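Reader: Hi! Could you walk me through this structure?
Author: Happy to, here it is.

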Amino acid sequence: MRHLPVRMARWSARHAGRAIAGWFAFVVLCLVAGVALGTNEATTKDFWVGEAGRAEATATEGGLERSPTERIMIRARSGELDMAAAGAAARDVTVRMRSLPEVESVAAPVRSKDGEVLLVSVVLNGPELEGRTNVVPLLEQTAAVGADHPDLVVEETGSPAISKGVNDQRDEDLALSERISLPVTVITLLIVFGSVIMAGVPLLLALSSIAAAIGLSMVASHVMPDAGVGTNLILLIGLAVGVDYTLFYLKREREERARADGRLGPEALVELAAATAGRAIVVSGLAVIVSTATLYLATDVIFSSLATGTILVVAVAVASSLTVLPALLVVIGRRADRLAPRRAARRAERGKPARAGKPETGRVFAALLRPARTRPALTLCLSVLVMLGLAVPALGLKLIDPGRDTFSRDIPAMRVYDRLTESFPELLVTHEVVTRSTPEQAARVKHALEDLGRRAQADPLFAQAPKNAKNAKNAKNAKNAKNAVDPVDPADPKDLTNPAANPGSPEHFHPTVRTSADGRISVLELSVPHPAPSAEAIASLTHLREDHIPATVGRLSGVETAVSGDVARGRDYVSHESDKLPLVLGFLLLMTFLMTVWAFRSVVIGAIGVVLNLLSAGASLGMLVLVFQGTWAEGLLAFDSLGAIASRVPLFLVVILFGLSMDYQVFVVSRIQEARQNGMSAREAVLEGLNRSAKVVTSAAIVMVTVFGAFVALHLTEMKQMGFCLAVAVLLDAVVIRLMVLPSVLLLLGERAWWPARRPGRVGRTQEPAAGPLAEVG
């Protein structure tokens with residue numbers, strides 16, 4: 001590994017044309033291969049975890065799995081609902097939906113308790129996750145019915161329509177984030193390099209790396225199914241690390257160019273940059289890859305998809321820095337050398353002196369470094385106290401699986417969903433009790449499940465509370481009027497036109513037991529009139545699992561019972577992640593430590609890296625809890641607080657933050673180690689390394705903060721949380737950790753920081769480093 005970056009840079013520099021053509025051919029090949037194979041999307045069974053997963057697997061075995069269902073609501077545009085007109089619209093909906101190949105069945109229309117809404121339920125063919133692609137024709141037909149009945153509002157919602165709306169919104173959000181982050185990235189690079197061409201190189205390589213990684217991720221999905229989030233992360237991480245790696249390499253090449261003062265050609269300058277920055281990029285990339293790979297230990301399809309996307313884009317970004325970047329620098333360098341005499345002549349004619357090199361550290365960075373340089377002990381104590389103070393709110397972290405009820409109301413299907421659940425609160429949450437037994441026990445199991453249904457209905461947490469006095473009257477009349485509980489028959493005009501018909505709770509919303517053809521598997525569906533994230537819905541699941549089931553079907557010997565449904569899925573998913581957290585975090589700390597020790601041959605530097613990463617991650621998670629778990633920042637950041645943090649966010653962020661923090665750790669410490677290899681004292685090496693790395697590290701951090709911060713403008717609360725936490729973490733890491741805490745620690749420890757490595761003697765520029773893959777040449 002020590003010589004690989006130099007050898008690759010040397011070949012690319014000598015064969016610049018072939019290297020550039022080969023890179024873009026590789027990008028095209030990746031895209032073509034990805035498009036040809038397509039994306040293997042995760043299926044419903046890939047998301048099964050815990051008891052809910054076992055229940056769904058059992059139900060699927062018996063052909064009783066949950067089907068994607070759409071709900072078409074028909075209501076008056078103004079005033080009371082005309083049942084004759086509503087009936088005609090319901091018949092139109094029914095005929096149109098039954099003619100679609102995507103539709104399995106259409107249920108009879110039912111009226112809401114207040115009589116203001118007529119509801120038609122449509123079951124789609126295929127698995128639950130395919131509903132979001134199959135729902136498009138249904139939405140078109142619903143719109144057509146609405147156009148044919150202008151006096152009525154005909155609207156559609158359901159899990160398929162909501163999933164489609166979320167995907168569409170995510171695509172729009174990503175486009176928005178690109179419009180925000182790309183201009184700021186270009187401006188930052190222009191400030192750093194003062195050249196349009198040099199600023200365009202990092203952006204070009206980052207975007208080409210993203211394109212190649214997207215193609216490779218499509219290929220990789222045939223080994224590990226794609227959960228639909230990998231591409232989002234490739235865009236997020238790819239732009240950040242792609243620009244960072246190129247920025248570090250370019251900065252080092254320019255340093256070598258200024259130091260050579262025309263005595264070396266572009267090929268030699270590229271080799272010198274590869275011998276230093278190239279090695280640091282390789283180690284940094286490996287650190288991110290190894291850290292991210294710990295997500296596979298979570299045994300979760302979403303985390304596996306996130307890990308695969310991150311690993312691929314980081315690997316491709318490293319490869320671009322080692323292959324095509326040296327070739328591009330040689331081409332640009334040759335052009336600059338040809339133009340240099342003419343530029344010098346023009347400056348001489350105008351009587352202007354040659355440009356002096358800019359100082360490595362400006363006044364801003366000098367001011368930031370001054371506390372650590374002059375008062376390291378005090379700076380260390382204050383900085384650590386600030387970071388620990390920011391981390392304190394993380395102790396109150398609450399996790400929630402963000403389900404359908406937490407999605408943005410900018411999605412049309414979500415606004416319809418709110419109106420649906422207002423008229424039919426029994427559709428808010430459904431618990432599914434699944435049993436497996438022998439066919440001989442089928443009758444006993446059904447009886448026990450019916451008893452369970454009656455117990456649940458008597459439980460206040462399951463009770464259907466009427467919305468107003470009119471509903472209370474309807475509920476009372478329902479006991480004596482059969483037509484109060486019967487669904488409306490679309491084939492019977494009387495049911496649709498009789499204004500005296502007393503609406504009530506539809507029969508098919510009552511607890512029902514379905515049994516498989518062989519009698520082995522049964523499913524009981526129970527409705528709960530509370531949204532999935534609410535305490536009442538969670539309590540109803542607890543009552544069901546701990547009280548009602550043990551008292552009924554749980555008493556039957558030889559019967560397996562498990563509960564799934566909207567709430568169970570989320571609760572079991574959070575529990576699954578919590579169980580995996582110690583394993584993932586333990587391996588993450590271990591691998592971070594081992595990678596740092598391997599890179600710098602220092603146990604102390606390895607321990608420092610782990611502690612600083614924990615400080616950075618803890619402070620950013622504390623800020624995340626402070627901002628998003630409460631309500632005070634809702635107006636500021638345009639979100640509705642969930643009262644908790646999305647369950648996937650903390651684990652994913654800790655892993656990614658450890659990897660990204662290693663970027664700055666590697667680049668800063670490698671410059672310090674380089675100065676130490678050149679014979680400087682421990683104090684001189686720390687100050688020299690920071691002076692040479694502060695500006696470029698901070699510039700890279702600005703790019704990352706911009707890219708991540710753009711996600712705060714998105715609609716999805718989960719993505720807002722990720723973007724905010726990553727932006728805060730990178731900012732804290734680049735400013736507080738790398739410019740204050742790290743130099744203070746290294747200045748206080750002196751040579752002890754490099755234990756057990758011995759102090760090296762001064763080495764020449766043409767010699768190999770004395771020890772360690774990042775022991776740089778001077």
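Author: What follows is a chat about helix packing, salt bridges, cysteines and a few backbone details. One thing to say at the start is that this is a predicted model.

Reader: Thanks! Let's begin with helices. At what angle do α9 and α23 pack, and how far apart are their axes?
Author: Helix α9 covers residues 230-260 and helix α23 covers residues 648-677. The angle between them is about 0°, and their axes are 13 Å apart.

Reader: Is α9 then roughly parallel or roughly antiparallel to α23?
Author: Roughly parallel, because angles under 35 degrees count that way.

Reader: Which residues make the contact?
Author: From α9 there are Leu-233, Ile-237, Val-241, Asp-244, Tyr-245, Phe-248, Arg-252 and Glu-255. From α23 there are Phe-652, Ile-656, Leu-660, Asp-663, Tyr-664, Phe-667, Arg-671 and Glu-674.

Reader: And by class, how many are nonpolar, polar or charged?
Author: The contact of α9 with α23 has 10 nonpolar residues and six charged ones, with no polar residues.

Reader: Let's talk about charges. How many salt bridges are there in the whole structure?
Author: A search of the whole structure turns up 35 salt bridges. One of them pairs the side chains of Asp-566 and Arg-66, at 3.3 Å from N to O.

Reader: Where do Asp-566 and Arg-66 lie?
Author: Asp-566 is in helix α20, while Arg-66 is in the loop between α3 (50-61) and β1 (69-76).

Reader: What does Glu-128 contact, leaving aside its neighbours within four places in sequence?
Author: Glu-128 touches Thr-44, Arg-66, Pro-68 and Arg-569. Arg-66 is also the salt-bridge partner of Asp-566.

Reader: Where is Glu-128 found, and is it buried or exposed?
Author: Glu-128 sits in the loop between β4 (117-124) and α5 (131-134). With a relative accessible area of 18%, Glu-128 is buried, because the cut-off for buried is under 20%.

Reader: What about Arg-436, which residue does it pair with in a salt bridge?
Author: Arg-436 pairs with Glu-560, and their closest N and O atoms are 3.3 Å apart. Arg-436 is partly exposed at 22% relative accessibility, and Glu-560 is partly exposed at 48%.

Reader: Switching topic to cysteines. How many disulfides are there?
Author: The count is zero disulfides. Cys-30 is buried at 4% relative accessibility, and Cys-725 is buried at 0%.

Reader: Last topic, the backbone. Which residues does a cis peptide bond join?
Author: A cis peptide bond joins Trp-755 and Pro-756, with omega about 10°. Pro-756 belongs to the segment after α25 (717-749).

Reader: And what is phi for Thr-299 and for Arg-601?
Author: Thr-299 has a positive phi of about 45° although it is not a glycine. Arg-601 is likewise a residue other than glycine with a positive phi, near 55°.

Reader: Where are Thr-299 and Arg-601?
Author: Thr-299 is in the loop between α10 (266-293) and α11 (301-322), and Thr-299 is partly exposed at 48% relative accessibility. Arg-601 is in the loop between α20 (566-600) and α21 (603-628), and Arg-601 is partly exposed, with a relative accessible area of 36%.

Notes
Residues numbered from 1 in each chain as written. Predicted model: local features only at pLDDT ≥ 70, side-chain atom pairs only at ≥ 80, totals over all residues. Heavy atoms only, no water. Helix = DSSP H or I, 4+ residues; strand = E, 2+ residues; numbered from the N terminus. Buried < 20%, exposed > 50% of the residue type's maximum accessible area, 1.4 Å probe, protein only. Contact = heavy atoms within 4.5 Å. Axes fitted to C-alpha atoms, helices over the stretch in contact; angles between N-to-C directions. Parallel < 35°, antiparallel > 145°, perpendicular 65-115°, else oblique. Nonpolar A, V, L, I, M, F, W, Y, C, P; charged D, E, K, R; others polar. Disulfide = S-S within 2.5 Å. Salt bridge = Lys/Arg side-chain N within 4 Å of Asp/Glu carboxyl O.
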